[in-house]
Structures are given as C-alpha cells and as structure tokens.
Amino acid sequence: MEVCSFLQNKSILLTGATGFLAKVLIEKILRVQPKVKKLYLLMRAADSLSALHRFNTEVIGKELFKVLKEKNGANLNSLIQEKVSLLAGDITRHNLGLESSTLEELFGQVDLIINLAASTDFDERYDVALGINTIGPANVLNFAKKCSKLRVFLHVSTAYVCGEKEGVVLETPFNMGDTLNGTSGLNIDMEKVLVEEILEELRTTNASKEHITSTMRDLGIQRARKYGWPNTYSFTKAMGEMLLGHLKDDKTPLSLVIIRPTIITSTFKEPFPGWLEGVRNIDSFIVGYGKGKMTCFPGDPQSIVDLIPADMVVNAMIVAMAAHANEPIEMIYHVGSSVSNPVSYRRLQNYGLHYFSERPWINKDGKAVIVRKGTELGTVATVRRYMELHYLIPLKILNVVNIVSCQYFRGTYVEVARKVKFLMRLVQLFSPYVFFKGVFDDTNTERLRRAARDGSNGVENEMLDFDPKSIDWDDYFMYTHIAGVVKYAFTR
C-alpha cells in the first residue's frame, strides 16, 4: 500500500478546515505530498475574502506550519496558491451553501471528501450541535453522492459515541433509532422539529439571547440523557453516524470510512512534538492543577484514560483512505491506546505533580504556584460529598458574611465563586470520562496498521505511524505534552 503516492494528483475536499485536527491534516498533506492536485478547504465565512482572512490567521499563520515554511521557503506562497482553494460555505446548508459555479467544479473534480467539521463542546447549544454534528454529515454525504470521481468519504466522529459503556467497546456501526439505554422513540427528524418548536416559542416571547442559549444547552443535555448519552456532543455525533449509515445505500456505491478517535492530545512527532491549540479535554485539568485552582482529582485513579496524539489520528485517516478507495463498504476504526498501550488516570496525576514541581507556573504577581499531591475522589458519591463540604457550604457561608458586612468581602466571594464554578463545570463535563470503565477494541485499526506496514517502505511506515505502542507515556507527558499545554494553551 503506497499511501503517499495515493494522495498524488488527488483533489480533496476538507470541511472544518480551521479546526485543530484539520490543521494537522492540511500541514501533513502539503508537506509529504506536495503533488496533491488540489485541497478544497471549506470554512464558515461570509465570503471569499473572509475565508482568506480566516485561512491566513487561523491556519497557515500558526506555528504548526513552521516546518513546511522552512522546507519551502519563498516557494510556500506559490505552493498554496496552486494547491489550496478556499471555499466559504456551511455544512448545515444544502449543497454546503456553495454557489452553482463552484459546485460544478467540485462535482467533477473531487476524489476524496473528509468531514472534520464539528462542534466539540460537550454542552453546546442543542440546535447548534444538531446542525453541525448530525445534519451536517448527512449534507456532506449527499453532496458526496454527486461527485462523479469520488473514491472515499471519510468522516471523523468520536470513540465516545458509546456513552458510558463498560467493558470492551466494539468497532460497530449505529442503526437509525439506536439508543444506549433501550429507550425507544429516538427519531432525528422529530428532534429537529422539537428544536424548531422551542426556538419559535422563545422568539415569540422575546426571550433574551442568554435565555435562549441557556435553554438550548439544557435541552441538549436533557435529550442526550433521555436516550443514554452523557452529553450533547456524544449524542449528536452518534446521530450523525446513524444518518451516514442510513444514507449510504446500495443504489449509490460509496466507500464510507468512519474514524472514531479517543481523547486527542498534542502531536507526538510531526511536524514536531507537542503542538496543540487551545485547552482541550484533559488539558483543563492540567491548566487548573498547574495554576493552583485544582487541589482534588475527581475520577477513578485506576480507570484507563484513552489518549492518542493528533498526528497519529491524521496518519490513520490517510492510511484508511488509501486502503478503502473505491470499496463500497462502511468501515469503522477506533483510533486510541486503551487496548495496546493503556495509561491510568493516576499516572496522569503523577505526571502533573512531577512536572509542576520541577517547573512551577509563575503567577501574574511573579510568585511560583506550589502544587501538592491532589486528593483522589474515586467515586461519584465521594466527589459530591467533597464538593459540598469544601466548596458549596463555605461559599454559602461566605455569601452570608458578605451580605451582613455590606459587601465588604465581595472581592473574595467573587474569586471563590469563580473557582467553585470552574471546578463544578470540570466535574460535570468530565465525569463520564474520568470514571469511564471501558476500553476501545481496535481490531480493525490493528489490521489496517499491519496492512500499512507490510505494503510500505520503512520511510513511509515512519512517516505514517499510528501505533500507540511506540509511545513512552512517561517521556511524552513529562517532556512533550504538558510542555505543549504550558506553551500554547496557558493564558495568564
């Protein structure tokens, strides 16, 4: 399987082009296969000028592209002008919101479609998440059916569409209407109707933007939990997979590949170690702990936290496309580490303690933050008791004292309230993951790794490595990932 040559002379449509994983993919393709025919990058923008501005500031302007810039020097601009075509569009709209002249070109030229557009907030507004994570993939697939040269449609989902399942989680597809708790009646069309009805009711009562947002966030969590999912994100991503499987019919042969990554972390090797963007998933704990805001660790210390570096996910995506070009199948791949190279939650805590003990965070006042071993809260009941005793009750007492003293302690109260809100939000959003009792079967992915190893040369194997067994977690966390979080994600 000559993977890099597979990308040569291919026209690729990529949605969600300004996202974290998309940037890593764009950089990789331009660096390892500059003979790609065209990269059509779809991004939400009002017009082509806005799309160009977003590309220059949010994509190519990032440090991630420094190796590509060094490699190409003055030729980089001409490479981008020749190979990259920016599209102002929206996957929540018919034909991705593109003009008819652009559609003609894409329908006749596109060989590969990669859907990376997503809302990754766990508690996103339900209307927004439903539009991007559920309806969006269906729109992209319907678009793909009109592309005469299409060889593969690849959709990036999440391993956590499984919810809070225990044991071995298999690489199996969803059927329309499947739920995680056995509750019947899940109907995606009716979910859309429900959202529209509630939005219309809110508009007629002149509800404020804040109230609409709050109502939609609450609705997402409510609907997710009704059918067994812990949050809006995993629920809407699961429904997105359902629609893709339903719309891929035998009348239109299509190679559908669904990649389900676990918790994505900073780059392992390429283009250089430790690049990431923003505070992502477990990085919230690293930031909170390093800055002294977290003194406890909610979660089972023995639970396996399934982590995978971003460049390994991208490598798996590229290899999977090459493996399944023109095969009329639906293939699902878990891309993670919990089976082949597991790391426990307690080990992650220890990495944080060792790192920030050696290299403490310096506050705005110039003082080093002293970290100590955090209190482990190994059960949900323990977490609730701890939060009540250490934060909620003292906050209530402080509020009473503040009122009695005519707001004398207002500054202290606001600061403590902010800290409590930060911790409560972390506990609420991440409990399904730090108490997770499952591991992700990667039989399909291991088969793909073997096929790639057997059919490629040594250089390509190294360049497209996605085997988590090659990761030394101690070294990666102590000298790559946490350092990357401090460099790119911490804000003073």
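How many aromatic pairs does a search of the whole structure find? I ran the search over this predicted model and recorded 22 aromatic pairs.

**Entry 1: Tyr160 and Tyr433.** I turned to one of these pairs, formed by Tyr160 and Tyr433. A pair of aromatic rings is described by the distance of the centres and the angle of the planes. For Tyr160 and Tyr433 I noted 4.8 Å centre to centre and 80° between the planes. I then looked up where the two residues sit in the chain. Tyr160 belongs to the loop between β5 (152–156) and β6 (167–169), while Tyr433 belongs to helix α15, residues 410–434. The pair thus links distant parts of the chain, 273 residues apart.

**Entry 2: Tyr160 and Phe440.** Are Tyr160 and Tyr433 buried or exposed? I found both of them buried. Tyr160 also forms an edge-to-face pair with Phe440, with 5.2 Å between the centres and 85° between the planes. Phe440 lies in strand β13 (residues 438–440), and I counted this pair as another link between distant parts of the chain, its members 280 residues apart. Phe440 is buried, as is Tyr160.

**Entry 3: the cluster.** Which residues form one aromatic cluster with Tyr160? I listed Phe122, Tyr233, Tyr433, Phe436 and Phe440 beside Tyr160.

**Entry 4: lysines over rings.** I also looked up charges placed over aromatic rings. Lys10 lies over the face of Phe6, 4.8 Å from the ring centre. Lys66 lies over the face of Phe272, at 4.4 Å from the ring centre.

Definitions and conventions:
Residues are numbered from 1 along each chain as its sequence is written. This is a predicted model: local features need pLDDT of at least 70, side-chain atom pairs count only at pLDDT 80 or more; totals for chains, interfaces and linings use all residues. Side-chain values use heavy atoms; hydrogens and water are left out. Rings of Phe, Tyr and Trp (its six-membered ring) pair if their centres lie within 6.5 Å; planes under 30 degrees apart count as stacked, over 60 as edge-to-face and the rest as tilted. Helices (H or I, at least four residues) and strands (E, at least two) are DSSP runs, numbered from the N terminus. Buried means under 20% relative accessible area, exposed over 50%, partly exposed in between (1.4 Å probe, protein chains only). A charge sits over a ring if NZ of Lys or CZ of Arg is within 6 Å of the ring centre and within 35 degrees of the ring normal.
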